[in-house]
Amino acid sequence: MRTGQKGLDLIKAEEGFRSKMYICPAGYPTIGYGTVIDTKEEDYLKYTQITPIEAEGLLKRDLEIFEHAINQLVRVRINQDQFDALASFVYNLGPDNFRKSTLLRLINQNPSDPTIWKEFQKWVHAGGKKLPGLVRRREREANLYFSKEQ
């Protein structure tokens, strides 16, 4: 599966757009819609300004890694809204955290299990602090995950 428009819109809204490099709450140099600048090839992004279109291109490129992880780790059938919610979650927290999570275990046991909602809510800390932005993000992800609209 690939991230749909709802997932892209959710990530873009939650990450916000920054045309210049900034340090995210976890301490990483970041630009655009949450693209972490972590390779030599991306170093130029620390010293430049990008447009929203360029930022969306970086986001879509980055999402390929996270989509691959979701497709490998989720062993049951899920719908597009569920995938989009997980794309936002994994984009924010990384594949390793997702791989070790109770959230993933519950999804693989029963993707409709209502306790999955509570598992989203456990991932609201960064740098040892509970962040209101992450509380809102997890709620929006859980809402999309359990959305009845297709």
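1. **Basis.** The model is predicted: local features need pLDDT of at least 70, side-chain atom pairs count only at pLDDT 80 or more, and totals for chains, interfaces and linings use all residues. Residues are numbered from 1 along each chain as its sequence is written, and side-chain values use heavy atoms, with hydrogens and water left out.

2. **Core.** The largest nonpolar core holds 36 residues. Such a core is a set of buried Ala, Val, Leu, Ile, Met, Phe, Trp, Tyr and Cys residues joined through side-chain atoms within 4.5 Å. Buried means under 20% relative accessible area, exposed over 50%, and partly exposed in between (1.4 Å probe, protein chains only). Ile70, Val74, Leu86, Phe98, Leu103, Ile107 and Phe120 have the most contacts inside this core. At least two core residues come from each of H1 (5-15), H2 (52-73), H3 (80-93), H5 (102-109), H6 (116-121) and H7 (132-145). Helices (H or I, at least four residues) and strands (E, at least two) are DSSP runs, numbered from the N terminus.

3. **Phe98.** Phenylalanine 98 touches Ile70, Leu73, Val74, Leu86, Phe89, Val90, Leu103 and Leu104, with residues up to four places away in sequence not counted. Contact here means heavy atoms within 4.5 Å.

4. **Helix H5.** Leu103, Leu104, Leu106, Ile107 and Asn108 of H5 are buried. The cover over these buried residues includes H2, H3, helix H4 (95-100), H6 and H7.

5. **H1 on H2.** These helices pack at an angle of about 115°, with axes 12 Å apart. Axes are lines fitted to C-alpha atoms, for helices over the stretch in contact, and angles run from 0 to 180 degrees between N-to-C directions. H1 brings Leu8, Ile11 and Lys12 to the contact; H2 brings Glu56, Leu59, Lys60 and Leu63. By class that is four nonpolar, no polar and three charged residues. Ala, Val, Leu, Ile, Met, Phe, Trp, Tyr, Cys and Pro count as nonpolar, Asp, Glu, Lys and Arg as charged, and the others, Gly among them, as polar. The crossing of H1 and H2 is right-handed. A crossing is right-handed if the near helix is turned clockwise from the far one by less than a right angle, and left-handed if anticlockwise.

6. **H1 on H3.** The axes of H1 and H3 come within 8 Å and cross at roughly 30°. H1 and H3 are therefore roughly parallel to each other. Angles under 35 degrees count as roughly parallel, over 145 as roughly antiparallel, 65 to 115 as roughly perpendicular and the rest as oblique. This crossing is right-handed. On the H1 side are Gln5, Lys6, Gly7, Leu10, Ile11 and Glu15; they meet Asp81, Asp84, Ala87, Ser88, Tyr91 and Asn92 of H3. The contact has four nonpolar, four polar and four charged residues.

7. **H1 on H7.** Here the angle is about 170° and the axes are 11 Å apart. H1 and H7 are therefore roughly antiparallel. Lys6, Leu10, Ile11, Glu14 and Glu15 of H1 meet Gly133, Arg137, Arg140, Glu141 and Leu144 of H7.

8. **Gly4.** Glycine 4 sits in the segment before H1. Its relative accessibility is 17%, so glycine 4 counts as buried. Beyond four places in sequence, glycine 4 touches Gln80 and Asp84. Its C-alpha is 8.4 Å from that of phenylalanine 83, which is 79 residues away in sequence.

9. **Val90.** Valine 90 is in helix H3. This residue is buried, with a relative accessible area of 0%. Leaving aside neighbours within four places in sequence, valine 90 contacts Phe66, Ile70, Pro95 and Phe98. Alanine 69 is 21 residues away along the chain, with 8.5 Å between the C-alpha atoms.

10. **Pro29 and Val36.** Proline 29 is in strand S2 (residues 29-32), and valine 36 is in strand S3 (residues 35-36). At 18% relative accessibility proline 29 counts as buried; at 29% valine 36 counts as partly exposed. Not counting residues up to four places away in sequence, proline 29 touches Met21, Tyr22, Ile23, Thr35, Val36, Ile37 and Lys46.
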